[in-house]
Amino acid sequence: MILKPRLEDIKNIGFYLGRIIVGLGLTMLVPIFIGLAFGEINPTLDFIIGIEITLILGLLLQKICFTEKDLSWMQGMIVVSLSWLVAMALGAIPLYLSGHWKSYLDACFDAMSGFATTGLALVQGLDHLSYAHNLWRHLIMFIGGQGIIIVALSFFVRGVSGAFKMYVGEARDERILPNVIDTSRFIWLVSITYLILGTLALGVVGALNGMKTVNAFFHGACVFMAAFDTGGFTPQSQNILYYHSLPYEVITVIIMILGAINFKLHYHIWTGNRREILRNIETVALFISIMITFLITAVGLKQFGVYSEAIVLFRKGFYQLISAHTGTGYQTIYAAQFINEWSHLALVGVICAMALGGAVCSTTGAIKMLRIGIIFKALKEDLKRIMLPEKAIVIEKFHHIKKVFLEDRQVRSALMITLCYLVLYGLGAIVGMFYGYPFLNALFESTSAAANVGLSCGVTNINMPAALKVTYIIQMWAGRLEFMSIFTLIGFLVAAIKGK
Amino acid sequence: MMRKPKVKRQKAKVHNNDFIFYFYLVLLTFSFLLLPFICSAQPISSTELINNAKQYDGKTVVYEGEVIGDIMRRGDYAWINIYDGKNAIGIWINTSLIKDIAYVGSYKSRGDAVEITGIFHRVCVQHGGDLDIHAQAIRKTISGRPIQERLNTSKRNLVIVLLGVLSLVWILSLLKRK
């Protein structure tokens with residue numbers, strides 16, 4: 001028998017959702033400040049309208065649903081899944097008001113793409129967008145990359161034992177420090193430190209490349225936020241091609257890899273345990289996976305003679321590959337070149353890299369390396385069981401911060417999430433094919449959306465069908481939250497309709 | 001016997017028609033093959049260049065659009081990016097040719113519209129494999145201008161109304177707590 005949700009459940013969800021909305025609204029102060037600093041009148045008004053609507057909704061929800069009770073697991077999960085939808089709807093308001101998006105749906109698409117750190121974009125006239133709006137596009141990637149809940153936990157939610165439930169709901173099941181709020185703050189410490197260093201590095205290179213100093217550092221901050229959070233937005237329409245600079249590409253590759261590493265691993269590196277990089281199952285799996293997928297891509301490019309020079313093949317092939325594997329989506333080629341010039345084999349290499357992703361508890365999407373490592377360990381264990389004498393006791397271990405014995409529970413969880421991702425990639429591809437796109441194009445774009453990558457082969461554009469835009473929004477949302485909180489929300493809605 | 005010359009005439013006419021057909025076919029084929037060279041006089045869109053990059057590779061092309069972003073000087077040369085309404089393409093140009101560029105496209109200005117004549121590269125080995133154009137000549141077609149931003153009064157009014165609502169909600173929430 002399904003139980004109908006109680007009023008208490010709805011009040012708890014509404015109250016904490018209200019708190020998170022207020023937190024999100026306050027982040028709009030940053031683009032307001034930038035708009036004022038650059039003397040952009042109307043963009044500043046767009047964000048003032050955005051912050052006002054957000055605060056009104058947040059305060060109203062907190063007032064109507066006021067409670068002092070803590071969150072249950074189910075409520076925590078629903079707060080998370082709803083937070084991301086509400087963030088999309090509210091974050092899209094200033095974007096839509098700018099007039100650079102054809103419809104509110106397009107603005108929502110870009111807002112979800114930003115929060116989910118995907119990088120697919122439907123903006124028009126990007127090269128004429130204001131500093132305030134451009135900063136907001138990248139800031140939402142920074143917020144989404146760390147996690148909307150992490151933002152709220154760090155600054156706006158205090159002393160709540162239900163915090164861990166929301167933290168887990170946002171696809172972060174690893175606690176770096178004993179306290180989840182301290183963990184959130186550590187994630188911000190890492191991100192802000194790298195933000196300062198990354199902005200300085202990119203800013204200096206940009207200035208040396210001939211950009212105006214203000215632009216160089218503004219672009220540096222934006223590109224860092226999108227690269228570290230494996231997002232993929234850029235301030236100009238040409239993506240990374242705009243800069244025409246090898247040092248810029250090298251720095252973004254380093255930042256993308258830093259973003260794809262587990263925050264727990266960052267903590268151990270920061271505290272002096274550098275050997276962990278070499279032993280950790282995720283970094284080993286990531287290294288092997290990059291090598292294999294790059295080999296496939298390089299063979300595909302060589303076969304078709306896309307790049308005659310080896311150095312050019314490496315520069316173009318490796319950049320797109322790393323961008324795909326880390327889930328960033330930065331491109332140094334035009335979207336159409338993927339389909340017109342790259343061979344199917346090279347595209348398959350990139351699709352595999354997108355589908356696999358980076359580390360858990362990082363800013364990347366997709367299946368992730370820990371799960372791939374666990375599945376391979378389980379396969380190895382089963383092969384050993386077949387080959388060794390029946391009486392032999394087979395134990396498989398892996399190193400992830402500490403030595404961990406492989407358990408069926410871990411394998412089941414890894415396989416289940418992997419299966420969900422594969423289904424999500426496939427469903428998006430089917431919808432794409434329904435609208436007439438060839439199989440490989442549809443699979444490429446679907447994987448890119450669901451794995452929160454952002455590489456595009458040209459399917460994503462303002463003229464694509466609205467249903468396909470909605471499909472990609474759902475894929476980005478589900479892929480970012482890793483399904484569990486979304487399944488809980490669906491279950492809650494079913495219970496509300498069918499429950500007794 | 002009387003009909004034979006007529007048949008011959010008809011056959012000759014058919015042969016003539018065939019000759020004209022094949023002549024036009026050959027002419028058309030040649031025109032098509034020479035299209036990239038002939039087209040160099042007419043501006044080619046970025047979409048056409050990107051989608052048919054192999055066809056235009058190494059050819060002299062004319063490309064027109066708005067100068068956007070920064071002019072990035074690198075010694076005697078500079079990178080400018082030209083946006084034609086669909087895509088922007090990087091132009092590698094001698095700094096002596098860009099003296100006339102006064103405005104670049106941004107939120108606060110409409111960039112100069114320029115017509116570039118140069119060599120198109122699908123994979124420019126000199127620039128790490130980028131798709132670019134090495135400019136030989138530049139012509140300003142339309143001058144850019146600063147964009148005067150006017151206050152949007154509808155937005156301003158909405159800000160005021162929402163501020164009133166927000167203040168009311170905030171006061172109500174404070175009362176509840178007390």
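Guide: Two residues are in contact if their C-beta atoms, placed from the backbone, lie within 7 Å. The model here is predicted. By that cut-off, the contact between the chains takes 42 residues from chain A and 42 residues from chain B.

Visitor: Which helices of chain A supply at least two residues of the side that touches chain B?

Guide: Helix 3 (41-64), helix 15 (310-325) and helix 16 (335-340) of chain A each do. Helix 3 of chain A gives the most, with 13 residues. By class, this side of chain A divides into 20 nonpolar, 13 polar and nine charged residues.

Visitor: What does the predictor give the complex as ipTM and pTM?

Guide: The ipTM is 0.86 and the pTM is 0.88.

Visitor: Where does the domain assignment put the two domains of chain A?

Guide: Domain 1 of chain A takes 1-173 + 468-500, and domain 2 of chain A takes 174-464. Their C-alpha centres lie 24 Å apart.

Visitor: How many residues of domain 1 of chain A are in contact with domain 2 of chain A?

Guide: 43 residues of domain 1 of chain A are in contact with 44 residues of domain 2 of chain A. Several helices give two or more residues to the domain 1 side, including helix 5 (104-115), helix 7 (148-156) and helix 21 (466-481) of chain A. The largest share, 11 residues, comes from helix 6 of chain A. That side of domain 1 of chain A has 20 nonpolar, 14 polar and nine charged residues.

Visitor: Why is helix 20 of chain A described as largely enclosed by the rest of the structure?

Guide: A residue is buried if 20 or more other C-beta atoms lie within 10 Å of its own. 10 of the 12 residues of helix 20 of chain A are buried, so the helix is largely enclosed. Among them are A:L443, A:F444, A:E445 and A:T447.

Visitor: What covers the buried residues of helix 20 of chain A?

Guide: The cover includes helix 16, helix 17 (344-356), helix 19 (408-434) and helix 21 of chain A.

Visitor: How far apart should the ends of helix 20 of chain A be, and how far apart are they?

Guide: The expected span is 1.5 Å times one less than the number of residues. For the 12 residues of helix 20 (residues 439-450) of chain A, that should be 16 Å. The end C-alpha atoms are 16 Å apart, so the two values agree. Just after helix 20 of chain A, A:N452 takes a positive phi of about 55 degrees.

Visitor: Why does A:T230 count as buried?

Guide: The cut-off is 20 or more other C-beta atoms within 10 Å. A:T230 has 34 C-beta neighbours inside 10 Å, so it counts as buried. A:T230 is placed in the loop between helix 10 (213-228) and helix 11 (246-259) of chain A. A:T230 is not a glycine, yet it has a positive phi of about 45 degrees.

Visitor: What makes A:C361 count as buried?

Guide: A:C361 has 23 C-beta neighbours inside 10 Å. The cut-off is 20 or more. Therefore A:C361 counts as buried. A:C361 lies in the loop between helix 17 and helix 18 (369-387) of chain A. A:C361 has a positive phi of about 55 degrees although it is not a glycine.

Visitor: How many helices and strands does the secondary structure of chain B come to?

Guide: Chain B has five helices and seven strands. Along the sequence the pattern is α-α-α-α-β-β-β-β-β-β-β-α. Of the 178 residues in chain B, 28% are buried.

Visitor: Why is strand 5 of chain B described as largely enclosed?

Guide: Nine of the 12 residues of strand 5 (residues 113-124) of chain B are buried, so it is largely enclosed by the rest of the structure.

Visitor: How many bridges join strand 1 of chain B to strand 5 of chain B?

Guide: Two strands pair if there are at least two bridges between them. Seven bridges join strand 1 (residues 60-74) and strand 5 of chain B, which run antiparallel. At one of these, B:V62 has B:T117 as its bridge partner. Strand 5 of chain B also pairs with strand 6 (residues 130-142) of chain B, in the antiparallel sense over 10 bridges. There, B:H121 has B:D132 as its bridge partner.

Visitor: What do strand 5 of chain B and strand 6 of chain B form?

Guide: They form a hairpin with five residues between them. In the turn, B:G128 has a positive phi of about 65 degrees.

Visitor: Where in chain B is the pLDDT below 50?

Guide: Chain B averages a pLDDT of 85, with 75% of the residues scoring at least 70. Over residues 35-40 of chain B the pLDDT is below 50. Beyond near neighbours in sequence, that stretch has nine contacts in the model. Where pLDDT is low, the predicted coordinates should not be read in detail.

Notes:
Residues numbered from 1 in each chain as written. Chains lettered and ligands numbered in written order. Predicted model: local features only at pLDDT ≥ 70, side-chain atom pairs only at ≥ 80, totals over all residues. Helix = DSSP H or I, 4+ residues; strand = E, 2+ residues; numbered from the N terminus. Nonpolar A, V, L, I, M, F, W, Y, C, P; charged D, E, K, R; others polar. Domains from an automatic or database assignment. pLDDT = per-residue confidence, 0-100.
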